[in-house]
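Hi there,

Here is the structure I promised to pass on to you. My notes on it follow just below.

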Amino acid sequence: MRYRLTFIAGVALGYVLGTRAGRERYEQLKKAAQQLAENPAVRNAAESAAHGSRDFAGKAYHSVSEKVGDKVPVSVSDRLRSLRERSGHNGSDDWGTTNT
């Protein structure tokens, strides 16, 4: 019985100390990530990567649609047409842009 109590006390103490140390390390990592995200060079790189990927996605869409052409089933092309008409973009896509 004495060994069980000693073991349980040791586990409890280890848990408390481990979670406290883990929480402190988590807070350090969180602060470092926030500082990195606020860095202007990182933000510019992320924005330029997002812009480049949107351009690439648009070019890929047009390339695939030209090659596929009429080979798409009518039901799929009707759905795409109705989605384009509903969005009101008529071919232009603003997916991934931020509204500020």
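**The salt bridge and the rest**

Glu27 and Arg23 both sit in helix α1 (residues 2-38), four residues apart, or about one turn of the helix. Helices here are DSSP runs of H or I with at least four residues, strands are E runs of at least two, and both are numbered from the N terminus. An α-helix has 3.6 residues a turn, so residues three or four places apart point the same way.

Before going further: this is a predicted model, where local features need pLDDT of at least 70 and side-chain atom pairs count only at pLDDT 80 or more, while totals for chains, interfaces and linings use all residues. Residues are numbered from 1 along each chain as its sequence is written, and side-chain values use heavy atoms, with hydrogens and water left out.

Glu27 and Arg23 form a salt bridge, with their closest N and O atoms 3.1 Å apart; the term means a side-chain nitrogen of Lys or Arg within 4 Å of a carboxyl oxygen of Asp or Glu. Searching the whole structure turns up one salt bridge. Glu27 counts as partly exposed because its relative accessibility is 32% (buried is under 20%, exposed over 50%, partly exposed in between, with a 1.4 Å probe and protein chains only).

Helix α1 also holds Phe7, which at 58% relative accessibility counts as exposed. Together with Ile8 and Val11, Phe7 forms a nonpolar surface patch of about 330 Å² accessible area. Such patches take residues with over 30% relative accessible area and no salt bridge, joining nonpolar side chains (Val, Leu, Ile, Met, Phe, Trp, Tyr) within 5 Å and like charges within 9 Å. Areas come from the Shrake-Rupley method with a 1.4 Å probe, and for residues only the protein chains shown count as cover.

As for the chain overall, it has three helices and zero strands, and buried residues make up 0% of its 100 residues.

On confidence, pLDDT (the predictor's score for each residue, from 0 to 100) averages 79 over the chain. It is lowest in helix α3 (residues 74-87), at a mean of 69, and highest in α1, at 88.

Best wishes
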